[in-house]
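Hi there,

Here is the model I promised to pass on. Could you load it and keep it open while you read my notes?

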Protein chains: 2
Amino acid sequence: VSAPVDDRGLLLGDGLFETILYEVGKLHHFGGHADRMIRGCVVLGLPAPDAQVLEIVAMDAVQAAGLADRRAAVRLTWTAGSGGRGLDRPDAPHPRLIASAAPSPRPTTPASLVTVSIRRNEGSPASRIKSLNYLDNVLARRTARQAGADEALMLNNRGEIAGAAVANLFWFEGDALLTPSLECGVLDGIMRGLIIAEARRVGIQVTEIAAFPERLAGARGMFLTNSLIGVRAVESLDGMIMDTHRMSALLSSPT
Amino acid sequence: VSAPVDDRGLLLGDGLFETILYEVGKLHHFGGHADRMIRGCVVLGLPAPDAQVLEIVAMDAVQAAGLADRRAAVRLTWTAGSGGRGLDRPDAPHPRLIASAAPSPRPTTPASLVTVSIRRNEGSPASRIKSLNYLDNVLARRTARQAGADEALMLNNRGEIAGAAVANLFWFEGDALLTPSLECGVLDGIMRGLIIAEARRVGIQVTEIAAFPERLAGARGMFLTNSLIGVRAVESLDGMIMDTHRMSALLSSPT
């Protein structure tokens with residue numbers, strides 16, 4: 001379980017990953033994760049993995065970690081492989097697939113958020129795919145933890161709401177549900193897409209928008225989504241207590 | 001020569017690196033590189049390496065690669081090490097040091113540049129340090145190569161000039177030398193700092209500024225700097241031919 005030190009994922013963050021929820025013998029939304037990784041390869045100009053191979057490798061990782069009967073997070077990493085000269089990849093890159101699994105308990109409490117100063121880069125396509133460049137998110141989370149909060153609220157360079165360090169953000173205004181649009185420098189989250197589709201299916205109006213953080217003062221409930229936590233209510237933002245009452249219906253949605 | 005696959009440098013780009021020029025038995029500007037890595041650790045909240053250890057490991061890498069009598073690039077990588085839960089580091093991170101060396105011929109021709117659409121993230125402290133998050137730069141370089149150029153000109157999200165994918169940018173206006181300020185989302189380059197100091201020493205006015213790319217139409221000569229190439233003249237930008245005449249004095253400066 002090691003990678004060569006000339007791997008471009010390690011040297012330059014040249015690659016992608018997915019984090020997939022495993023429960024009771026099943027990978028959740030595996031197709032969505034595989035599709036996103038394949039779309040990410042188009043953005044990066046990398047050869048794409050085979051979805052069936054990814055699934056086999058993911059299940060093997062669960063077995064190897066002894067987590068077959070547990071709730072687990074499976075991580076699949078697809079790097080640009082070895083070689084090239086500096087930034088330039090070799091003419092024919094040979095990507096490297098790395099898989100691992102770890103226990104993943106579901107958070108049982110609502111999240112507290114603080115706004116941090118580190119911005120999402122809306123001017124890079126990498127902000128919308130799940131690339132290996134997560135240092136901004138690591139620093140954002142670290143800042144939030146140091147402030148005593150669970151998660152960071154990140155804005156982009158235009159000052160618009162982007163999301164949390166490792167989750168998408170939604171909020172209610174009246175009966176409508178809002179979430180930052182991908183153009184704001186937002187990861188195209190699997191759970192984000194499922195929540196949008198599910199909300200629309202049950203007749204809730206969903207708007208993807210560019211919005212400034214002042215707008216959140218009028219929110220009637222706010223929540224985070226990602227593949228591992230599913231949906232998690234936000235209880236406070238910068239010390240302002242949020243209404244978590246509205247979350248009950250969506251919190252019970254399937255992940 | 002491998003790293004564990006749970007290394008946070010590989011998983012999240014959580015770490016730093018330096019690329020140091022080696023020639024005729026000597027690491028160039030080693031002190032500047034070690035200082036920058038140590039300052040970067042402060043930004044990231046990581047334990048810092050010992051400069052003497054870095055130097056020994058760098059020279060060992062040159063020897064191990066059989067490059068003692070060659071011009072070589074030494075790469076030192078300092079990752080946040082293994083462990084932690086997702087974005088959160090372990091309480092006491094144990095960074096990992098990785099070193100390698102490769103031949104590094106000096107480019108002998110001036111560079112052609114094209115402006116790319118991928119932006120530098122001026123809203124992140126990581127844009128000013130040499131972190132492992134180089135995917136934006138990889139994509140910028142790739143775009144430039146596909147357009148038939150040698151290097152990319154990157155702007156930031158405000159649309160200001162930032163620099164090349166893997167070099168700082170300077171240009172002349174009349175007798176004055178200009179370069180984007182670090183606040184524009186610019187790497188604090190070792191060679192950038194040396195050129196600014198050397199230019200001022202010989203009486204050239206140097207201004208670090210936030211400037212829009214239209215300003216480059218009035219440039220009387222432009223060049224790139226980094227630790228491996230030293231100073232490299234720019235012969236064209238987006239097909240516009242640049243005056244390379246003014247470069248001669250600085251091109252002969254010591255690297």
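This is a predicted model: local features need pLDDT of at least 70, side-chain atom pairs count only at pLDDT 80 or more; totals for chains, interfaces and linings use all residues.

Residues are numbered from 1 along each chain as its sequence is written, chains are lettered from A and ligands numbered from 1 in the order in which they are written, and side-chain values use heavy atoms, with hydrogens and water left out.

**The two chains.** Chain B superposes on chain A by a rotation of 180° with 0.0 Å of shift along the axis, at an RMSD of 0.0 Å (least squares on the C-alpha atoms of residues with pLDDT of at least 70 in both copies). That is how a two-fold axis relates copies. In chain B, the C-alpha nearest this axis belongs to B:Leu10, at 2.1 Å. Both copies use the same surface, with 100% of the contact residues of chain B recurring in chain A (contact means heavy atoms within 4.5 Å).

**The interface.** About 4,000 Å² is buried between them, 59% of it from carbon and sulfur atoms (accessible area, 1.4 Å probe, lost on putting the two parts together and summed over both). B:Leu10, B:Leu87 and B:Leu135 supply 18% of what chain B buries against chain A, more than any other three residues.

**The sheet.** Chain B has an open, antiparallel sheet of four strands in the order E3-E2-E4-E5 (strands are DSSP E runs of at least two residues, helices H or I runs of at least four, numbered from the N terminus; pairing needs at least two DSSP bridges). Strands E3 (26-27) and E5 (96-103) of chain B are at the edges with a single partner strand each, so one side of each lacks a neighbour in the sheet. Two bridges join E2(B), residues 15-23, to E3(B), and B:Tyr22 stands opposite B:Leu27.

**Helix H4 of chain B.** This helix covers residues 135-146. Among its buried residues are B:Leu135, B:Val138 and B:Leu139 (buried means under 20% relative accessible area, 1.4 Å probe, protein chains only). The cover over the buried residues of H4(B) includes helix H1 (8-12), strand E2 (15-23) and helix H2 (30-44) of chain A, along with strands E6 (111-115) and E7 (151-155) of chain B. After H4(B) comes B:Gly148, with a positive phi near 85°.

Best wishes

Notes. The expected span of a helix is 1.5 Å times one less than its number of residues. Buried means under 20% relative accessible area, exposed over 50%, partly exposed in between (1.4 Å probe, protein chains only).
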